[in-house]
Amino acid sequence: MRTSKGVEWAVHMLLNLAWLGDGEPVTTAQLAAGHDLSPSYLNKQLQHLVKAGLLESVPGARGGFRLARPLEAVSMLDVVLAIEGDEPVFRCAEIRRCGSIGERVPESGFSRPCAVNSAMARAEVAWRRALAEQSLADVQATAVAHAPALASYVKRGMGRD
């Protein structure tokens, strides 16, 4: 299954806010600068996360974004759904009914769902289940296992040493 870069950006921003650990709002510009990302594109992703209840938007001169829920309460599927929506990844166009092959198949040959569509639907269910089973706390733990000082790098990168 494939997701947009917005999902990757969103997961990293949620993790970065958790590593800051102080609950203080962080501006889009600060978050974008931390990874040399486009602030305007990142802001769209952050707004999706707010709408999904994963982030809070704090207005004002000292405003920005902060986590709305602990990482244990956010699954990877929550992030994918917030950014990508709930549309299926695969959309069957029923090409089995088209062209010279489809014209030769009797209508009874289409009485069952398309085998390609069924296979893709099973794969998507498994993919979503795997994402739902992984919290962002799980992802954070894996990241820390690979780079134990990651929180300090994030804090320094955001000017919060």
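The accessible surface of the protein comes to about 9700 Å², and 54% of that belongs to carbon and sulfur atoms. Keep in mind that this is a predicted model. Buried residues account for 32% of the 161 residues. The radius of gyration is 21 Å, whereas a compact globule of 161 residues would sit near 15 Å.

**Overall layout**

- Along the principal axes, the C-alpha atoms fill a box of roughly 70 × 35 × 25 Å.
- The protein has eight helices and two strands, and from the N terminus on the order goes α-α-α-β-β-α-α-α-α-α.
- If you look at contacts between residues at least 6 apart in sequence, 69% of them join residues at least 24 apart.

**The hairpin**

- Strands β1 (residues 55-58) and β2 (residues 64-67) run antiparallel, with four bridges joining them.
- L55 has L67 in β2 as its bridge partner.
- The two strands make a hairpin with five residues between them, and G60 in the turn shows a positive phi of about 105°.

**The nonpolar core**

- The largest nonpolar core holds 35 residues, and L31, L46, L49, V79 and L136 have the most contacts inside it.
- Six helices each supply at least two residues of this core: α1 (5-20), α2 (28-34), α3 (39-51), α4 (76-84), α6 (115-132) and α7 (136-146).
- The largest share comes from α1, which puts in 10 residues.
- Leaving aside residues up to four places away in sequence, L136 touches V11, L14, L15, L71, V74, M76 and V79.
- One of those partners, V79, is itself on the list of residues with the most contacts inside the core.

**S75, a buried serine**

- S75 is placed in the loop between β2 and α4.
- Its relative accessibility is 10%, and the cut-off for buried is under 20%, so S75 counts as buried.
- Again not counting residues up to four places away in sequence, S75 touches L131, A132, Q134 and S135.

**Salt bridges: R160 to D22**

- The salt-bridge count comes to nine.
- One of them pairs the side chains of R160 and D22, at 3.0 Å from N to O.
- R160 lies in the segment after α8 (150-157) and D22 in the loop between α1 and α2, so this pair ties together parts that are 138 residues apart in sequence.
- Both ends are partly exposed: R160 has a relative accessible area of 23%, and D22 has 39%.

- R97 meets E94 through a side-chain salt bridge of 3.5 Å, N to O.
- R97 also meets E107 in a salt bridge, this one at 3.0 Å, N to O.
- R97 sits in the loop between α4 and α5 (99-104), while E107 is in the loop between α5 and α6, so the pair ties together parts that are 10 residues apart in sequence.
- Salt bridges with shared partners join E94, R96, R97 and E107 into one network.
- As for accessibility, R97 is partly exposed with a relative accessible area of 36%, whereas E107 is exposed at 55%.
- E94 counts as partly exposed, at 26% relative accessibility.

- E94 is found in the loop between α4 and α5.
- D36 likewise has a positive phi of about 55° without being a glycine.
- D36 lies in the loop between α2 and α3.
- With 73% relative accessibility against a cut-off of over 50%, D36 counts as exposed.

How values were computed
Residues numbered from 1 in each chain as written. Predicted model: local features only at pLDDT ≥ 70, side-chain atom pairs only at ≥ 80, totals over all residues. Heavy atoms only, no water. Pairing = 2+ DSSP bridges. Core = buried A, V, L, I, M, F, W, Y, C linked by side-chain atoms within 4.5 Å. Buried < 20%, exposed > 50% of the residue type's maximum accessible area, 1.4 Å probe, protein only. Contact = heavy atoms within 4.5 Å. Salt bridge = Lys/Arg side-chain N within 4 Å of Asp/Glu carboxyl O. Rg over C-alpha atoms; globule rule 2.2 N^0.38 Å. Areas by Shrake-Rupley, 256 points an atom, 1.4 Å probe, with all protein chains shown as cover.
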